[in-house]
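Trainee: I would like to learn how to read the features of a structure, one after another. Could you take me through this one?

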Protein chains: 2
Amino acid sequence: MNSSPSPTKPARVTSFDVAERAGVNQSTVSRALAGSPQVTAATRDRVLAVAKELGYTIDQRASGLRTGRIDTVAVVILQRPEDKQSTGNPFYFELLGSICEAASERGLETLVSLQSETGALSGDYVKRGQADGTIVIGSARNSDAWQYFRELQQSEERLVFWGSPFEDARWVRSDNIAGGKLATRTLHQRGYRKIAFVGPLEAGPGQFAERFAGYREEIERLGHNPIQASSYPDGDRSAQGYHAARELLQQHGDIDAFFAASDRLAFGVLEYMQELEARIPDRFGLIGFDGMSAGTVCNPPLTTVAPELPEAAEALLTAAIDGQAPASQRVGVKLVERASVRAAPA
Amino acid sequence: MNSSPSPTKPARVTSFDVAERAGVNQSTVSRALAGSPQVTAATRDRVLAVAKELGYTIDQRASGLRTGRIDTVAVVILQRPEDKQSTGNPFYFELLGSICEAASERGLETLVSLQSETGALSGDYVKRGQADGTIVIGSARNSDAWQYFRELQQSEERLVFWGSPFEDARWVRSDNIAGGKLATRTLHQRGYRKIAFVGPLEAGPGQFAERFAGYREEIERLGHNPIQASSYPDGDRSAQGYHAARELLQQHGDIDAFFAASDRLAFGVLEYMQELEARIPDRFGLIGFDGMSAGTVCNPPLTTVAPELPEAAEALLTAAIDGQAPASQRVGVKLVERASVRAAPA
DNA sequence: CTGAAAGCGCTTACAG
DNA sequence: CTGAAAGCGCTTACAG
């Protein structure tokens with residue numbers, strides 16, 4: 001009478017169950033499900049039918065224990081300790097989205113870990129058998145965390161960084177120099193004549209510094225001098241952008257365009273422009289960096305330099321999983337035209 | 001002479017290695033690392049020291065195979081098929097962030113899967129031994145996908161939905177009715193007198209319909225009639241919001257406020273307002289729903305009703321992992337005041 | 001082409 | 001308090 005599933009046995013269906021029902025050996029079930037050419041089409045079909053009937057599915061823990069592979073990539077997103085509880089930088093989630101998609105196309109799952117506190121850092125997913133490789137992306141400002149991962153890279157081949165502040169590491173980055181040039185050249189082509197750079201040039205060879213280098217190179221090629229703010233407040237990027245725009249305009253009344261080293265900085269610039277009731281793109285041009293989708297909802301929508309996310313995801317995955325990519329690698333950038341820059345002259 | 005790690009043996013360190021070096025049995029190592037009270041403090045310390053020295057770490061595949069737990073929650077994010085390659089709805093990533101944090105506090109890892117194509121749906125992470133429970137979040141518009149997961153829920157206890165379009169399912173949702181009332185009441189209190197609802201009321205008892213119900217209830221309590229657009233174009237939420245605002249204003253010239261059923265709809269309304277050069281919040285009030293961080297960069301920043309994300313994450317996790325939460329559950333909402341609504345009268 | 005068996009690295013009764 | 005052993009569910013040489 002009691003045909004309802006007994007509470008004592010949740011009854012995991014194993015390959016032995018399938019084997020018994022299909023009248024073959026368990027090893028044959030394993031081969032059939034793996035699509036081994038060693039097994040007859042007839043046998044395989046029978047096994048597959050039974051497997052489907054019983055709702056059998058390979059246990060990845062057992063499979064992974066045996067093969068050494070777990071078909072998973074771990075992605076750790078480093079946040080600033082202050083970003084705890086807030087959403088952190090949405091750009092990282094956009095990159096994460098691309099990684100998930102690229103991973104899925106390779107038949108990999110994606111394990112995601114948000115980390116911020118120095119004490120709770122953990123990157124040995126490969127050693128723990130939870131992933132075949134690890135990607136670390138995140139804020140260059142959490143330098144304690146980066147230090148930890150940099151050391152980890154000594155002993156772990158399958159670990160790669162996006163946006164790490166170190167040169168001596170395996171990383172993937174935007175082609176920041178090309179991006180800086182592209183933004184600057186675009187602004188100049190659209191008729192802006194005094195183009196300022198917005199972005200704190202923090203410790204070491206960070207991404208902002210590279211974007212500045214591209215800007216500077218292009219500005220000098222055009223026969224001008226680079227212009228940048230003298231200091232930046234602590235706080236979020238938006239506040240920094242706001243203050244920089246104000247300071248720059250106070251000191252150089254003839255500035256007519258800004259290249260912001262990140263979209264979040266650009267949002268701050270935009271905020272100041274709005275306070276000034278300055279018309280964009282007529283009076284001022286503005287280009288950001290990152291291609292964040294939030295830039296579609298600001299007013300005007302933000303023109304920005306965006307890394308090729310699918311390319312970035314591929315490069316990161318290859319480096320993390322295969323573990324034998326070139327030491328470091330840059331991905332291309334493109335201009336995402338929205339509305340904070342005048343149209344090209346006809 | 002050849003002391004460099006031989007390429008043939010990547011040499012995984014196991015509990016047997018630790019045991020040998022510490023001069024104990026492997027089972028003692030296991031107990032020591034599990035913090036079992038059965039093991040002497042002295043023994044435990046020795047084992048822990050050796051483990052650290054050798055860089056030993058428990059293999060989760062083996063551990064999970066033995067215990068049946070894997071200490072991981074799977075999160076599948078359903079996207080509209082069209083959203084492939086785009087970023088999809090950023091709100092889901094904000095919720096994902098909260099889930100990751102809550103999971104991490106429970107000592108769980110988070111497996112993330114972006115799914116869109118009907119053929120490639122997969123939710124049996126528990127059966128495959130990859131997770132102890134599964135959370136599905138995502139667009140109600142991908143109804144084929146929801147149908148798949150709804151059926152899966154018949155056979156899988158540890159599966160819970162955020163925002164599913166079905167009533168007969170285990171889900172967690174915002175208290176949409178309270179949220180609709182809150183938005184409407186707020187607009188009325190701030191002096192707006194003709195408040196329209198923006199949002200397509202799609203098939204079945206979706207979240208938008210609940211938000212509308214809350215709006216309607218409050219509007220009627222205030223002695224007014226609900227106002228809504230007659231039709232919505234296909235396309236993204238922003239375009240829908242734009243068209244609804246235009247239609248509403250054409251038909252009801254005296255509208256002075258909008259409650260949009262989602263932030264993305266609200267961004268579309270905002271876009272139309274900008275075209276009109278209508279001043280917000282003076283001429284029109286606007287409240288969205290979701291609490292998306294992108295709402296901080298639009299102009300003016302968007303006042304919105306936000307679900308309590310940490311509470312949502314806790315409820316989802318409890319339902320997914322423990323598998324014995326109430327059949328369905330609502331989480332509280334709050335008003336996030338930004339600048340698209342007038343200040344409260346003094 | 002299929003079967004019998006070993007073993008991946010753990011946890012946990014079972015003895016002592 | 002510690003050890004010896006079984007077993008979680010697979011994959012894959014090894015036989016035949």
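This is a predicted model: local features need pLDDT of at least 70, side-chain atom pairs count only at pLDDT 80 or more; totals for chains, interfaces and linings use all residues.

Trainee: How many bridges join β2(A) to strand β2 of chain B, and in which direction do the strands run?

Mentor: Two strands pair if DSSP finds at least two bridges between them, strands being DSSP runs of E with at least two residues and helices runs of H or I with at least four, numbered from the N terminus. Here 3 bridges join β2(A) to β2 (residues 109-115) of chain B, and the two run antiparallel.

Trainee: How many residues does the contact take from chain A and from chain B?

Mentor: Two residues are in contact if their C-beta atoms, placed from the backbone, lie within 7 Å. The contact takes 36 residues from chain A and 36 residues from chain B. On the side of chain A that touches chain B, α4 (60-67), α5 (90-105), β2 (109-115) and α10 (263-276) of chain A each supply at least two residues, and the largest share, 7 residues, comes from α5(A).

Trainee: What is the order of the strands in the open sheet of chain A?

Mentor: The open sheet has 5 strands in the order β6-β7-β8-β9-β11 (chain A), with mixed pairing. β6 (195-198) and β11 (333-336) of chain A stand at the edges, each with a single partner strand, so one side of each is left without a neighbour in the sheet. Within this sheet, β7 (residues 257-260) and β8 (residues 285-289) of chain A run parallel and are joined by 3 bridges, with A257(A) opposite G285(A) in β8(A).

Trainee: At roughly what angle do the axes of helices α2 and α3 of chain A cross?

Mentor: Two packed helices are described by the angle between their axes and the distance between the axes. Axes are lines fitted to C-alpha atoms, for helices over the stretch in contact, and angles run from 0 to 180 degrees between N-to-C directions. The axes of α2 (residues 26-34) and α3 (residues 41-54) of chain A come within 9 Å and cross at roughly 95°.

Notes: Residues are numbered from 1 along each chain as its sequence is written. Chains are lettered from A and ligands numbered from 1 in the order in which they are written.
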